[in-house]
Amino acid sequence: MDIIDKLKEKYNYSEELCVFLEKAIPAILSYYGEDKLDLLEKTLLDTEIHLQEKNEKTKDYLNEYFDTDKEWKIPTIATAFQHREIFEEDNTYHSKSIIYVRKTNINEEIDLENKNTQSIIIHEICHAIKTKNELEEKNGLIVNKTGLCEEKYYIDETGEIKESGEDKLGLEEALNTHAEEKIMSIMNNEDYKTNTYSHLLEALDYLLEDKELEKLFIEGQFTDSTEWIDYLGDDYNKIVDGFDSILSVYYLPTSIIINKEKRQEAIAKRDQDKQELIDIAKKRNKEKSISEMIDSNEETKTNHKEL
Ligand SMILES: [Zn+2]
């Protein structure tokens, strides 16, 4: 594959990583569509996939890659993450990404044949291809769209770019993890179940029974299309908030985790949110199938008339 040669030349990728990408690229395209080929190649060329090396400090590597000198808030539970650094150039804001894969054991090499390692890299590539490099300014904030999620930044008094929260991250993580499972299954030719975000996936499964909605979600992830929002109608806020709320339980602050009562409260709330999402999805699917039945009856009637 041409792209593999280019990546090898640009980032000096190992043979193992090239073999992995050779399998991953067709599987990603098979899930998201062949029309994403150029986008996927461009993303891979702009985003290094870096496997942590022996004795390498994550902070030092990131500072060198992004030409910065700062303290990093490295996510503690993830073994891989995609980081986007926002910078200004010619009066417009851009982002540059990296996919950083951490060692789980400092004495062992990262094993690219390990399914768990493969799936976390696929997950991060899926985020990366949906990340826009050109940023928009909206209501005084800089907005970086990654799939359905909008990450917001502001400029502080010293001129530094600071994070200001994100919208719709829960739904985006759910969809991204669903894509990760599908792509892994295609790539390895066997059904794959990931071990992350299972509560998000449980709720999402019911929504995705509606294939039209799944199509609109994917369109919204790659473009500015808001058709999925219109399609969800009155359920939109409940669905977006529900997924955000479930996601937040994966990132509880330590003060809550160590407090048994508060922890149980958070878990109970998560299960309640999940059930509410499932109920909404079931209701939507039922209404859809009834209206489809009416439509097909109408069609049969019309056909009879024509006969
Ligand atoms: Zn993610």
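Biologist: Are H7 and H10 roughly parallel or antiparallel to each other?

Modeller: Please note that this is a predicted model. Angles over 145 degrees count as roughly antiparallel. Helix H7 (residues 198-207) and helix H10 (residues 236-250) pack at an angle of about 160 degrees, and their axes are 9 Å apart. H7 and H10 are therefore roughly antiparallel to each other.

Biologist: What is the handedness of the crossing of H7 and H10?

Modeller: The crossing of these two helices is right-handed.

Biologist: Which residues of H7 and H10 meet?

Modeller: From H7 come His-199, Leu-200 and Ala-203, which meet Gly-242, Phe-243, Ile-246 and Leu-247 of H10.

Biologist: Let us turn to the strands. How do strands of a sheet pair?

Modeller: Strands of a sheet pair through backbone hydrogen bonds, in either a parallel or an antiparallel sense. Here, an open sheet of 4 strands is arranged in the order S4-S5-S6-S7, and the pairing is antiparallel.

Biologist: Which strands stand at the edges?

Modeller: Strand S4 (136-138) and strand S7 (161-167) do; each has a single partner strand, so one side of each lacks a neighbour in the sheet. From one strand to the next, the twist averages 35 degrees.

Biologist: Over how many bridges do S6 and S7 pair?

Modeller: Strand S6 (residues 149-155) pairs with S7 over 5 bridges, in the antiparallel sense. As an individual case, Tyr-154 has Lys-162 in S7 as its bridge partner.

Technical notes: Residues are numbered from 1 along each chain as its sequence is written. This is a predicted model: local features need pLDDT of at least 70, side-chain atom pairs count only at pLDDT 80 or more; totals for chains, interfaces and linings use all residues. Axes are lines fitted to C-alpha atoms, for helices over the stretch in contact, and angles run from 0 to 180 degrees between N-to-C directions. Angles under 35 degrees count as roughly parallel, over 145 as roughly antiparallel, 65 to 115 as roughly perpendicular and the rest as oblique. A crossing is left-handed if the near helix is turned anticlockwise from the far one by less than a right angle, and right-handed if clockwise. Two residues are in contact if their C-beta atoms, placed from the backbone, lie within 7 Å. Two strands pair if DSSP finds at least two bridges between them.
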